[in-house]
Amino acid sequence: RLVELSVAKDGPAPTHIIWPEAAPPFLLSREPEALDDISLITSDKVLLTGAVRVEVNTPTDYHFFNSLYVFAHGGQLLDTYDKFHLVPFGEYLPLKSIFQAVGIAKLVNSPGDFRAGAGPKTFDVPGAPPVTPLICYEILFPDEIAAARRPGWYVNVTDDSWFGPPSSTGPYQHLLTARVRAIEQGVPIARDANTGISAVIDPVGRITAILGAGQMGVIDAALPAALPPTPYSRFGEWLFLALLILCGASGWALAAKNRA
C-alpha cells in the first residue's frame, strides 16, 4: 500500500516522500525485495520512512532502535536517525530489575527494549532545506527538539493507532502540539501519522494540507518556508523564566507600594 500510494497517478510527481513511524512491518535491512521497491520509487526522489533498526554486535549482543531512514535517489541510504526520547513502559522498561521483580513489564507486545538515540539531529537532504526528524511524541517536548543546527523543516512521523479509535482525542491533541512547536520555532512541519492526522503545518501553526483521522490517502503539498529564528528558538525556557521573574518582581513592588 505504501509503495502504491507513493507512485503519483496524476499531476507532477513529488520530490520527497514521507512514510509514517515504523512503516515497514519488518527489518528493512533484511528484506531485499522491499529495498528494491524503495530503489524504484526513489529513482529521482527522496524517501524518509520510519522503521525499526537493529544493530548487531554478536549473535547474542544486539540492540533495536525506533528509527527513521533517509533514502536518496535510487534507494541509496543517506542516513538514519534513532529516536532519543523513548516511551517508558512502551519502548523500554525503566528500573527494569525492580519492576520485573514485582511482575511489571512493558505495556506493548514487543521483544526487549529499544535503545535511545543520541539526540535531535539535522540532516541535509537533496532538493530540500535541512530537516530534523522527530518520532512520535518527541514533538511534545519543546526544550528537547532543537538540534545543534537549526532546520528548515521538521518531519514528525508517528503511529497514532496506539491512541485507539480515530475518534479518540489523542490524535487531535498530538496534532495541536505539533502546531505549537511550529509556532515556537518558526519552522514548518510535515507530519505523517498511521491512522492519525497527517498534515503540513506552516511556521505560524496554520495547517496548509491535511488527511483526517482514520483515512488512507496522500497529501501532496508544497513545503512552507521557515521564518527567521523566533525569540523562543533563541532563548528557550530562559524567556519564560525571565517573564516569571518580571511578574514576581511586579507583584512584590505593588504589594510594597500598597503597604506604604
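Residues are numbered from 1 along each chain as its sequence is written, and side-chain values use heavy atoms, leaving out hydrogens and water. Since the model is predicted, local features need pLDDT of at least 70 and side-chain atom pairs count only at pLDDT 80 or more, while totals for chains, interfaces and linings use all residues.

Taken along the principal axes, the C-alpha atoms fill a box of roughly 80 × 55 × 35 Å. The protein has six helices and nine strands (DSSP runs numbered from the N terminus: H or I of at least four residues for helices, E of at least two for strands). Of its 260 residues, 40% count as buried, where buried means under 20% relative accessible area, exposed over 50%, and partly exposed in between, with a 1.4 Å probe and protein chains only. The accessible surface comes to about 14200 Å², and carbon and sulfur atoms make up 61% of that (Shrake-Rupley method, 1.4 Å probe; for residues, only the protein chains shown count as cover). Among contacts (heavy atoms within 4.5 Å) with a separation of 6 or more, 54% come from residues 24 or more positions apart.

Helix H2 spans residues 32-41, and its buried residues are Ala34, Ile38 and Ile41. Seen down the axis of H2, these fall within an arc of 70°, so they line one face of the helix; the arc is that of the directions from the helix axis to the C-beta atoms. What covers the buried residues includes helix H1 (2-6), along with strands E1 (16-19), E2 (46-58) and E3 (61-71).

Leaving aside neighbours within four places in sequence, the residues in contact with His174 are Cys136, Tyr137, Ile139, Leu140, Thr158, Asp160, Phe163 and Arg191.

One of those contacts, Cys136, is itself buried, with a relative accessible area of 13%. Cys247, on the other hand, is exposed, at 56%. As for disulfides (pairs of cysteine sulfur atoms within 2.5 Å), a search of the whole structure finds zero.
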